[in-house]
Amino acid sequence: MDNSGKACELCATTGGEVLWQSSLCRVIRVADPHYPGFCRVILNAHVREMTDLDAGQRRQLMDVVFAVEGVVRALFKPDKINLASFGNMVPHVHWHVIPRWQDDRHFPEPIWGAVHRDGIVGIPEVDDASLVAALALALGTVGQ
């Protein structure tokens with residue numbers, strides 16, 4: 001539950017297609033046709049802020065975030081990666097790993113900004129199985 005008494009969306013659901021998980025967190029692929037490769041790293045426990053975690057948990061979580069970034073960079077070849085952790089709408093620790101291209105719909109603004117163009121072509125198509133395999137290789141037993 002959050003402070004308003006509403007059920008937490010990330011506690012009640014997986015938050016998307018689970019690609020990898022450990023006892024600490026899970027990696028999901030966000031179903032956004034404009035941003036293939038967009039993933040979230042979601043803490044399994046309901047925690048509002050990174051500083052509510054102990055130092056070891058913070059390190060493990062960030063190891064996962066950085067591994068996901070590396071996999072997304074390798075598979076999708078974006079021009080840039082955006083990492084974001086807001087929690088304003090869903091006060092549950094989670095990180096967005098968003099591949100960006102200079103000709104994507106929102107560039108140079110964040111993906112929540114104004115749309116500047118229809119979108120891009122030529123983004124590598126990577127299926128879930130390939131993403132799962134690359135994450136398993138990159139993450140090994142991190143957070144197990």
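## Helix 2 against helix 3

Angles between axes count as roughly parallel under 35 degrees, roughly antiparallel over 145, roughly perpendicular from 65 to 115, and oblique for the rest. Helix 2 (residues 55-76) packs against helix 3 at an angle of about 135°, and their axes lie 9 Å apart. Helix 2 and helix 3 are therefore oblique to each other. Axes here are lines fitted to C-alpha atoms, for helices over the stretch in contact, with angles from 0 to 180 degrees between N-to-C directions. Helices (H or I, at least four residues) and strands (E, at least two) are DSSP runs, numbered from the N terminus.

Helix 2 passes helix 3 in a right-handed crossing. A crossing is right-handed if the near helix is turned clockwise from the far one by less than a right angle, and left-handed if anticlockwise. Helix 2 brings residues including Val 64, Ala 67 and Val 71 to the contact, and helix 3 brings residues including Leu 131, Leu 135 and Ala 138. Contact means heavy atoms within 4.5 Å.

## About the model

This is a predicted model: local features need pLDDT of at least 70 and side-chain atom pairs pLDDT 80 or more, while totals for chains, interfaces and linings use all residues. Residues are numbered from 1 along each chain as its sequence is written, and side-chain values use heavy atoms, leaving out hydrogens and water.

## Ala 138

Ala 138 sits in helix 3. Leaving aside neighbours within four places in sequence, Ala 138 is in contact with Ala 67 and Val 71. Ala 138 counts as partly exposed because its relative accessibility is 42%. Buried means under 20% relative accessible area, exposed over 50%, and partly exposed in between (1.4 Å probe, protein chains only).

## Two salt bridges

The structure holds two salt bridges. Each is a side-chain nitrogen of Lys or Arg within 4 Å of a carboxyl oxygen of Asp or Glu. One joins the side chains of Asp 128 and Arg 29, at 2.8 Å from N to O. This pair links distant parts of the chain: Asp 128 is in helix 3 (residues 128-139) and Arg 29 in strand 2, 99 residues apart. Arg 29 is buried, because its relative accessible area is 14%. Asp 128, at 31% relative accessibility, counts as partly exposed.

Arg 100 forms a salt bridge with Asp 104, and their closest N and O atoms are 2.7 Å apart. Both Arg 100 and Asp 104 are buried.
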